[in-house]
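Hi,

Here is the structure I promised to pass on to you. Have a look at it first, and then read my notes below.

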Amino acid sequence: MDAPLADDGGLMLAWAGGNAAAFAELYARHKGPLYRFLMKTVKDRATADELFQETWSRVIAARERYRADAKFGTWLLQIAHNLAIDTFRRQRPQAGVSETEAVFAAQAAPEREQPEHALSEFELRRRMQRAIESLPDEQRTAFVLRMENELSLEDIAAVTGVGKETAKSRLRYAMARIRELVAE
Amino acid sequence: MNPSTPPPGDDDLPEDRELAALYARLPKDEPDPALDAAVLAQAMRAVPQRRRPRWPVALASAAVLVLAVGVGWELRDSRPDSKDIPVAIHERMAAPAPAPEPATAPSASPAAPAPVQAPLLAPGVADADVTRTETYAPAKPIERASKKLRPAAAPQALRSAPTPDLAPDDRVGEIRRLLGRGERAEALRRLHELRARYPHYDIPQDLRDLEP
């Protein structure tokens, strides 16, 4: 999550110092990837909304303790991941594949796609989404952190609280499983 | 986050690029605007916003004031000073034509080096009925340079020495000083030269009315 103009740490410090625009910039940069991480992790929009807002609440509450040398994006995802784990422990995952099916059913295929290829592209995306959701939680988390948030293995390990080799192993298994499901 | 740059320093995972390309085609979920607003509002409430410092505004205002005073002072200095020093017109009429003026700034003192220093007119004198010699103009009442001027140039005045290469604004200042000293013919010659040299220059209204 490199910043072309001001780095995340600088924005965080500026906001803590009273600069409202700094938080708005920080939020704009990270809200999309964070939200998609939560959506794919908890597989339910309502839960994702709740955890999304809670994540930012914790960021706001912890602003004084934030160290500028820490990666803001990794720290943000760490908070979100811990909240997701707490949610998993409290309740079973909601909707699962059925909600994904509903989402894809509600989407129209892009008009630019040729009729003879429309099913192929749309189906590919659908299979990818279903494959992600079918992964075990730890593998899914590792996969999404890699694909959506573009984290290194080291950062994935930091977010998920495991060693680097464990993170790598989970990611490899996730990728292999997804390739297998998409190719079916 | 840069979607096109792979994370640095990782072991190669062969499936990365192909899966990443497929993943990138998935729908991009975004939080609702209401959610955005809620988060932003919470952040704003949490941190007291500092007010913008006012000193740049004060500094800019002071700078504008200083500039305005300076410009006003410059304009004041560039006008012919015709109020304070009484003078005898016949002394001015008897003086030879002034030598070409050196290239000076418009704010220079009217006391420029010349064979005969021409004193300035007093307000009362402007209304007096004065006569001119043949060197300058037909006998007509002399008025202030800032008011309506009547054409009175003599042909000989046009064959005076060429004006030094002054900027148009400086030339205007010189012309006004000449008019203030009653050297109308020279002023008209200089005005003619200004028009010829800078045809697109916007001549001030008081000089525009000064017809040969």
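Chain A and chain B bury about 4200 Å² between them, with 59% of that on carbon and sulfur atoms; buried area is the accessible area (1.4 Å probe) that two parts lose on being put together, summed over both. This is a predicted model, where local features need pLDDT of at least 70, side-chain atom pairs count only at pLDDT 80 or more, and totals for chains, interfaces and linings use all residues. Residues are numbered from 1 along each chain as its sequence is written, chains are lettered from A in the order in which they are written, and side-chain values use heavy atoms, with hydrogens and water left out.

Now to the contact (heavy atoms within 4.5 Å). Chain A gives 54 residues to it and chain B gives 40 residues. There are six salt bridges between the two chains, each a side-chain nitrogen of Lys or Arg within 4 Å of a carboxyl oxygen of Asp or Glu. For an example to find on screen, B:Asp29 pairs with A:Arg45 in a salt bridge, and their closest N and O atoms are 3.3 Å apart.

Finally, a spot within chain B. Is B:Leu179 buried or exposed? It counts as buried because its relative accessibility is 6%, and buried means under 20% relative accessible area (1.4 Å probe, protein chains only). B:Leu179 and B:Leu207 are 28 residues apart in sequence, and their C-alpha atoms are 9.9 Å apart in space.

Enjoy exploring!

Best wishes

How values were computed. Buried < 20%, exposed > 50% of the residue type's maximum accessible area, 1.4 Å probe, protein only.
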